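I opened this one to see how the chains are built and where they touch. My entries follow in the order I looked things up.

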Amino acid sequence: MTGDILILCAAGMLVTAYLMVGQKALFTAIRLFGVQSLFLGIVATTIAIASGRHELFVTAALTIALKTVLIPWFLMRVIDRIGIHREIEPVLNVPASLLICVGLTVVGYRVSTGFPEGASGVSHHLIGVALSMLFIGLFVMVTRKKAITQMLALLTVENAVFLVAVGVTSGMPLVVELGISFDVILAVLILGVLVQRIVDRFESMDVSRLSKLKG
Amino acid sequence: MALWMQTLAIVALAPLLEVGVKRMKARLQNRLGPPWLQGYYDLAKLLAKEPVRSSTASWIYSAGPRVYFAAAIAAATMVPVTIARAPLESAGGILVIVGTLALGRFALATAALDTGSPFGGMGASRDMAIAALAEPALLLGLFSSALAAGSLNVGVLVRGVLQRGVSLHPSDLLAFAGLFIIVIAETGRIPVDNPATHLELTMIHEAMVLEYAGPDLALVEWASAIKELLYLTLLIDLFVPFGMAASAAPLPLLTGIAVWLAKVAGLAVVITVVESANAKLRLFRVPELVSVSLGLAFLALAIRFL
């Protein structure tokens, strides 16, 4: 039962990562990130219940509070304020990026079978999904031009790392978890301000325009 | 006998599903919506009318709706609904079901071209373009489930899942997500097509059947409703067949019927929410949506092997 829930949520995270790649509307992408983080919170809660490690409840609560509520709300506010709602021209078009993401996922899954121990059953799928999400996140970061999408990709990568940490190891110490959560929220806040500054300066969120800044 | 009743149930309840979705959509828009039996009233009204056909139309035009209707019913006989056995199970599996539905679509598209009106041709070409993208994704998604069960036959597949009990694999969810998008595309629901509009620029399915009237139109609409219910039942069969009756004994059968109705209602709610929360996509962006589902379905298949 525990294994089924974990696999279901991990697969759900992968599906949301995919839909994010195939999505140009920024609001939908943010909502998808919220759903993805909710799945991560369920994974942490399930493991906490199954293994009896109570500090994981704190981790789960932090994940859900920060990543499914606070960060999406903040990003939506940023978008509302600057009034840019779509990723108009990604470097690669959607079908091509999806194709590449399928390839990346196959690679991630193939690599996950090579881990010497725990590479069967639930943890095999968790590692596979997490590696795939890591690759997809990095890929989105280099092929999208809008700053918000790049932030979402960074957060996806963070979710992937978190999934491995919670699902495969016995979890990080609570202090480290708290530190990471604090880092993430701070990063998002700073990036949000940065995005607004970029928009003020260039009237666009297109990060590639930053290369015009020469002394 | 009980086996044939399930096909009959799909054919008989299909208009109810359409009305149900319409009602829920209306409620979300603060309207009342049509009465529950409106689908049957419409069909009765259309069937009682005299067919009006263009003088340039050949036999292909009148054959189109009939083949489409027959294909929908034929496909329904190969899918288990409330009992884990379909009436014409030995006739074929997934490939035959998809092929039969494709035959129906082909008949309707050629019939739309027959009178030479611009709308028919436009609708037919759009419908075929979307179908050409959606069918590979549909087959890949279905193959992913078939691979787990080791059989292409839906009946065998369902009994296999029921016997093994719950055993989830990530590819199940990937395939489900992919197939759900395909079901929306194939049944002409909102992000792809709008079933409630006759605006010339956006019509797909409606443009194709614009010239039909009377009994011909009734057959087309009924068959489309049957197809929609059939796709939902297929999704239920492949991913959550639990609660389905193993035999035709009264008590399991009653539970099977109740569980099936509840699951279809659940999926109908999801479809309604998707339809209400999304705007229709531009035609040129539909391939992007379908390629998402193609990617998901392909991935589901690939992960099965890893």
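This is a predicted model: local features need pLDDT of at least 70, side-chain atom pairs count only at pLDDT 80 or more; totals for chains, interfaces and linings use all residues.

**Chain A, overall**

I started with contacts in chain A that have a separation of 6 or more: residues 24 or more positions apart account for 72% of them.

I then went through the secondary structure of chain A and got seven helices and zero strands. Along the sequence the pattern reads α-α-α-α-α-α-α. The radius of gyration of chain A is 18 Å, close to the 17 Å that the globule rule gives for 215 residues, so chain A is as compact as a globular protein of that length.

I also boxed the C-alpha atoms of chain A along the principal axes, and they fill roughly 55 × 35 × 30 Å. Of the 215 residues in chain A, 42% are buried.

**A cysteine in chain A**

Next I clicked on A:C9, which sits in helix α1 (residues 2–21) of chain A. Is A:C9 buried or exposed? I found 26 other C-beta atoms within 10 Å, and the cut-off for buried is 20 or more, so A:C9 is buried.

Which residues does A:C9 contact, once its neighbours within four places in sequence are left aside? I got A:F39, A:I42 and A:V43. A:F39 is 30 residues away from A:C9 along the chain, yet their C-alpha atoms are separated by 5.2 Å.

**Chain B, overall**

Read along the sequence, that gives α-α-α-α-α-α-α-α-α-α-α. The radius of gyration of chain B is 19 Å, close to the 19 Å that the globule rule gives for 306 residues, so this chain is as compact as a globular protein of that length.

The C-alpha box for chain B, again along the principal axes, is roughly 55 × 45 × 40 Å. Buried residues are 49% of the 306 in chain B. For contacts in chain B with a separation of 6 or more, 79% are between residues 24 or more positions apart.

**Two helices inside chain B**

I picked one helix pair in chain B: α1 (residues 2–28) and α9 (residues 214–239). They pack at an angle of about 95°, with their axes 8 Å apart. Angles of 65 to 115 degrees count as roughly perpendicular, and α1(B) and α9(B) are therefore roughly perpendicular to each other.

I listed who meets whom. From α1(B) I noted B:I10, B:V11, B:L13, B:A14, B:P15, B:L17 and B:E18. They meet B:W222, B:A225, B:I226, B:E228, B:L229, B:L230 and B:T233 in α9(B). By class, this contact has eleven nonpolar, one polar and two charged residues.

I placed B:N30 in the loop between α1 and α2 (38–48) of chain B. Buried or exposed, with 6 C-beta neighbours inside 10 Å? Exposed means 12 or fewer, so B:N30 counts as exposed.

**Where A and B touch**

How many residues are in contact across the two chains? I got 18 residues of chain B in contact with 24 residues of chain A. On the chain B side, the elements that give two or more residues are α7 (170–186) and α11 (286–305). The largest share of that side, ten residues, comes from α11(B). Sorted by class, the chain B side has 14 nonpolar, three polar and one charged residues.

I followed α11(B) across to chain A, where helix α4 (residues 94–112) packs against it at an angle of about 15°, with the axes 9 Å apart. An angle under 35 degrees counts as roughly parallel, and α4(A) and α11(B) are therefore roughly parallel to each other. I also noted the handedness: α4(A) passes α11(B) in a right-handed crossing.

From α4(A), I wrote down A:V94, A:P95, A:L98, A:L99, A:C101, A:V102, A:T105, A:V106 and A:Y109. They meet B:P287, B:E288, B:S291, B:V292, B:G295, B:F298, B:L299, B:A302 and B:I303 in α11(B). By class, the contact of α4(A) with α11(B) has 14 nonpolar, three polar and one charged residues.

How values were computed: Residues are numbered from 1 along each chain as its sequence is written. Chains are lettered from A and ligands numbered from 1 in the order in which they are written. Helices (H or I, at least four residues) and strands (E, at least two) are DSSP runs, numbered from the N terminus. The radius of gyration is taken over C-alpha atoms; the globule rule is 2.2 Å times the number of residues to the power 0.38. Two residues are in contact if their C-beta atoms, placed from the backbone, lie within 7 Å. Ala, Val, Leu, Ile, Met, Phe, Trp, Tyr, Cys and Pro count as nonpolar, Asp, Glu, Lys and Arg as charged, and the others, Gly among them, as polar. Axes are lines fitted to C-alpha atoms, for helices over the stretch in contact, and angles run from 0 to 180 degrees between N-to-C directions. Angles under 35 degrees count as roughly parallel, over 145 as roughly antiparallel, 65 to 115 as roughly perpendicular and the rest as oblique. A crossing is left-handed if the near helix is turned anticlockwise from the far one by less than a right angle, and right-handed if clockwise.
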